[in-house]
Amino acid sequence: MSLLRRIQGSQPSPSPSQNPEPARSTPTPEAPPPPPRRPLPTTGGIRDAYVDLKNRIQAKLLSELEPTLNFSRTDELRAMIEEKFDAVLLEDHVVLSRLERQRLFEQIVAEILGYGPLEPLLRDDTITEIMVNGPKKVYIERNGRIERTNVVFEDDEHLMRIIERIVAPLGRRVDESQPYVDARLPDGSRVNIVIPPISLIGPVVTIRKFYRTPLTVDDLIRLGSATPEVMEFLKACVQARINIVVSGGTGSGKTTLLNILSGFIPEGERIITIENAAELQLRQEHVVTLETRPPNIEGKGEITMRDLVINALRMRPDRIIVGECRGGEAFDMLQAMNTGHEGSMTTIHANSPRDALARLENMVLMAGTDLPHRAIREQIAMAIDLIIQTARMRDGSRKIVSLTEIQGMEGQVIITTELFKFEQYGMEGGRIVGRLVPTGIRPRFMDRLEAADIRLPPSIFGAGRR
Ligand SMILES: Nc1ncnc2c1ncn2[C@@H]1O[C@H](COP(=O)(O)OP(=O)(O)OP(=O)(O)O)[C@@H](O)[C@H]1O
Ligand SMILES: [Mg+2]
């Protein structure tokens, strides 16, 4: 007899169903995403019976466990849950095969100790992003492509319980008065949560999975995101303390690239990293990692990026790495780059190098300086040497699409020169074919590379090819 029949046997009024698969939280992302608006097969007697059994056991367990819950002692708790789980099954005369029992047990443990239906997605290392659009629509990103999964939550409340589990240990909260929050899972994954009334489709959770082994230079080359020549050039730039901004759209690989660039910083320099949610993973020994803090429940105690950049200047840094410039901290970052902390780096959310410059200008204005535009542009032109533009391409790949040198000012305008640019030759099997090629122009800051005793073959910049 199947699990479902047996469960149904202990149910008062089972209704028929065509859905024989009760395990809802097992993702099958290979299945094509259902077309939008098609109702999910969320109802049906068998499913209901299964969910009901699970809920009943869960409720019983929770009522018995609650007073003694100490979530830090997971192993102990697991054993305790298992004991009670077996007792409940016995009491309710539910007979399960070993496999069924194990599956139900794991789901209940995931609900009580973990992140419920999200658990299998979190454990799957091939998934890089999880996007929950309300309880019934869960998408993932894998190999750069978004797919819908068949993972579902029972309802808004169920999803809210899991959200609570994410934010509560961090001392944060989400409710009507604070309807969105950034958080981080214990494994380092970055989480953003938005709930109604701001979200009109129920609670929304976006998780950027933490890469246990971050991408390396070789990965970038293998994935076609950069060429060996460009990576050699970038390594030289970092070693010669060129000030670099990585610019790109959301999820275009900015942080990943910043992490790789940081890896080129020679041992022995004092590096201070400043981030909203620590994502960078530097291998050097002498690294100080700082993270901002949101205001507490009374709205006090906020520590901003800007506070941390200003403070970092008093910590004798050789280099400052700012995870992402979004506001007034850009002003202090530029000043640091201009005053002895050359070789500092940051990322900016922008769609082109020009756009990045315009955004920087706006951010400096956000710092509340009353510098005239020209003076701000001068600061920017003096501070920044190189903008690396990243992009998420139509085929889901991430690429460096441009390296642009900032050369100075002419009148009111910042002069830029493109050193490398991505040229697309066509498409092959749904993949973009192309290459990041030199434009034939040597950077003006070559003398700084040479002063640092770094010699690059002129062919890197395309000399002799034109
Ligand atoms: N060159 C690459 N090739 C393939 N995948 C990449 C590459 N760079 C980054 N990724 C993946 O893309 C996702 C986004 O990367 P990353 O966090 O670096 O982007 P981001 O631009 O900093 O995003 P955000 O705007 O959200 O801060 C991650 O899952 C990362 O592993
Ligand atoms: Mg980022």
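Biologist: Between which strands does the loop with Pro 197 lie?

Modeller: This is a predicted model: local features need pLDDT of at least 70, side-chain atom pairs count only at pLDDT 80 or more, and totals for chains, interfaces and linings use all residues. Residues are numbered from 1 along each chain as its sequence is written, while chains are lettered from A and ligands numbered from 1 in the order in which they are written. Helices (H or I, at least four residues) and strands (E, at least two) are DSSP runs, numbered from the N terminus. The loop with Pro 197 runs between strand E5 (190-194) and strand E6 (204-208).

Biologist: What is omega for the bond that joins Pro 196 and Pro 197?

Modeller: Most peptide bonds are trans. Pro 196 and Pro 197 are joined by a cis peptide bond, with omega about 10°.

Biologist: How many helices and strands does the chain have, and what percentage of its residues is buried?

Modeller: The chain has 14 helices and 15 strands. A residue is buried if 20 or more other C-beta atoms lie within 10 Å of its own, exposed if 12 or fewer, and partly exposed in between; C-beta atoms are placed from the backbone. Of the 466 residues in the chain, the buried share is 34%.

Biologist: What share of contacts between residues at least 6 apart joins residues at least 24 apart?

Modeller: Two residues are in contact if their C-beta atoms, placed from the backbone, lie within 7 Å. Among contacts between residues at least 6 apart in sequence, the share joining residues at least 24 apart is 56%.

Biologist: Which element gives the largest share of the shell around ligand 1?

Modeller: Ligand 1 is surrounded by 17 residues (C-beta atom, placed from the backbone, within 6 Å). The closest are Thr 128, Ser 225, Gly 253, Thr 255 and Thr 256. Strand E1 (127-133) and helix H9 (254-262) each supply at least two residues of that shell. The largest share, three residues, comes from H9.

Biologist: Which domains each give the shell around ligand 1 at least three residues?

Modeller: By class, the shell has four nonpolar, nine polar and four charged residues. Ala, Val, Leu, Ile, Met, Phe, Trp, Tyr, Cys and Pro count as nonpolar, Asp, Glu, Lys and Arg as charged, and the others, Gly among them, as polar. Domain bounds come from an automatic or database domain assignment. At least three shell residues come from each of domain 2 (117-208) and domain 3 (217-461).

Biologist: How many of the 10 residues of H11 are buried?

Modeller: The buried residues of H11 include Phe 331, Met 333 and Leu 334. They pack against helix H10 (305-312), strand E10 (319-322), strand E11 (345-349), helix H12 (353-366) and helix H13 (373-383). In helix H11 (residues 329-338), the number of buried residues is eight.

Biologist: At what angle do the axes of H11 and H12 cross?

Modeller: Axes are lines fitted to C-alpha atoms, for helices over the stretch in contact, and angles run from 0 to 180 degrees between N-to-C directions. Angles under 35 degrees count as roughly parallel, over 145 as roughly antiparallel, 65 to 115 as roughly perpendicular and the rest as oblique. H11 and H12 are therefore roughly perpendicular to each other. Their axes come within 6 Å and cross at roughly 105°.

Biologist: Which residues of H12 make the contact with H11?

Modeller: The contact residues divide into six nonpolar, no polar and no charged. H11 brings Ala 330, Phe 331 and Leu 334, and H12 brings Leu 360, Met 363 and Val 364.

Biologist: Is Val 322 buried or exposed?

Modeller: Val 322 is found in strand E10. Beyond four places in sequence, the residues Val 322 touches include Glu 329 and Met 333. Because 29 other C-beta atoms lie within 10 Å, Val 322 is buried.

Biologist: What is the phi of His 93?

Modeller: Most residues other than glycine have a negative phi. His 93 lies in the loop between helix H3 (74-91) and helix H4 (98-113). His 93 counts as exposed because it has 9 C-beta neighbours inside 10 Å. Though not a glycine, His 93 has a positive phi of about 55°.

Biologist: How far is the C-alpha atom of Thr 390 from that of Gly 251?

Modeller: Thr 390 is found in strand E12 (residues 386-392). Thr 390 counts as buried because it has 24 C-beta neighbours inside 10 Å. Thr 390 and Gly 251 are 139 residues apart along the chain, yet their C-alpha atoms are separated by 9.4 Å.
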